[in-house]
Amino acid sequence: LLIGIGGTGVDVLTKIKRKVYQDLIPDDSNAPVPRYDHIQFLAIDSDEDVIAGMQGKARIDPVSEFFLLSDLSLRDELWHRDTIRHNPLFHWMDIDHLPPVFSPVDSCGMRQIGRFFLINKASALKAKIGEKCITALCGLGPLSLNIYILAGLSGGTGSGCFLDTCY
């Protein structure tokens, strides 16, 4: 399972997927679109435009291989600062020092916003990753699963979601 988080992670994920499609024999060589059931890809970002322009057989499928972290109600949620202040899930958040204007649909490179998105959608993301793991292992017997996480170090989603959340 290869997981790309944020713009940089998704970019690397698409390059790896392209190489898989170029270099490996698919499960069904007669299928119009190659399938690799035991190699799964998941792109995670707060900006759905990151995959909008992708073309070709190796593009990220927006339904089965993409998880959108953003939330259109973010701006409204962040205006209720007292609610966030009193929620133990967000004690790490410096709600009083966020810029007054930011996009309501992506993290805009702000790690706190990326992390906020992740926490709000953690259950759904856990289910999606579980689904990908089951698909990758289906029919293989008692084998182990390798999971590779690809993320940038300085953006709001990749580093904000993965690096910050891990510690």
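Q: Is Lys19 buried, exposed or partly exposed?

A: A residue counts as buried under 20% relative accessible area and as exposed over 50%, with partly exposed in between. In this predicted model, Lys19 has a relative accessibility of 45%, so that Lys19 counts as partly exposed.

Q: Which side chain does Lys19 meet in a salt bridge?

A: Side chains of opposite charge can pair when their charged atoms come close. Here the side chain of Lys19 meets that of Asp23, at 3.3 Å from N to O, and both residues lie in helix 1, four residues apart, or about one turn of the helix.

Q: Which residue forms a salt bridge with Lys15, and where do the two lie?

A: Lys15 pairs with Asp11, their closest N and O atoms being 3.3 Å apart, and both belong to helix 1 (residues 6-23), with a spacing of four residues. Lys15 is partly exposed at 46% relative accessible area, and Asp11 is also partly exposed, at 36%.

Q: How many salt bridges does a search of the whole structure find?

A: The search finds seven; among them is the contact between the side chains of Arg35 and Asp37, at 3.0 Å from N to O, while Asp82, Arg85 and Asp96 are linked in a network.

Q: What is the order of the strands in the open sheet?

A: The four strands follow the order 3-2-1-4 with parallel pairing, and the edge strands, each pairing on one side only, are strand 3 (66-68) and strand 4 (148-151). From one strand to the next, the twist averages 20 degrees.

Note on methods
Residues numbered from 1 in each chain as written. Predicted model: local features only at pLDDT ≥ 70, side-chain atom pairs only at ≥ 80, totals over all residues. Heavy atoms only, no water. Pairing = 2+ DSSP bridges. Axes fitted to C-alpha atoms, helices over the stretch in contact; angles between N-to-C directions. Salt bridge = Lys/Arg side-chain N within 4 Å of Asp/Glu carboxyl O. Buried < 20%, exposed > 50% of the residue type's maximum accessible area, 1.4 Å probe, protein only.
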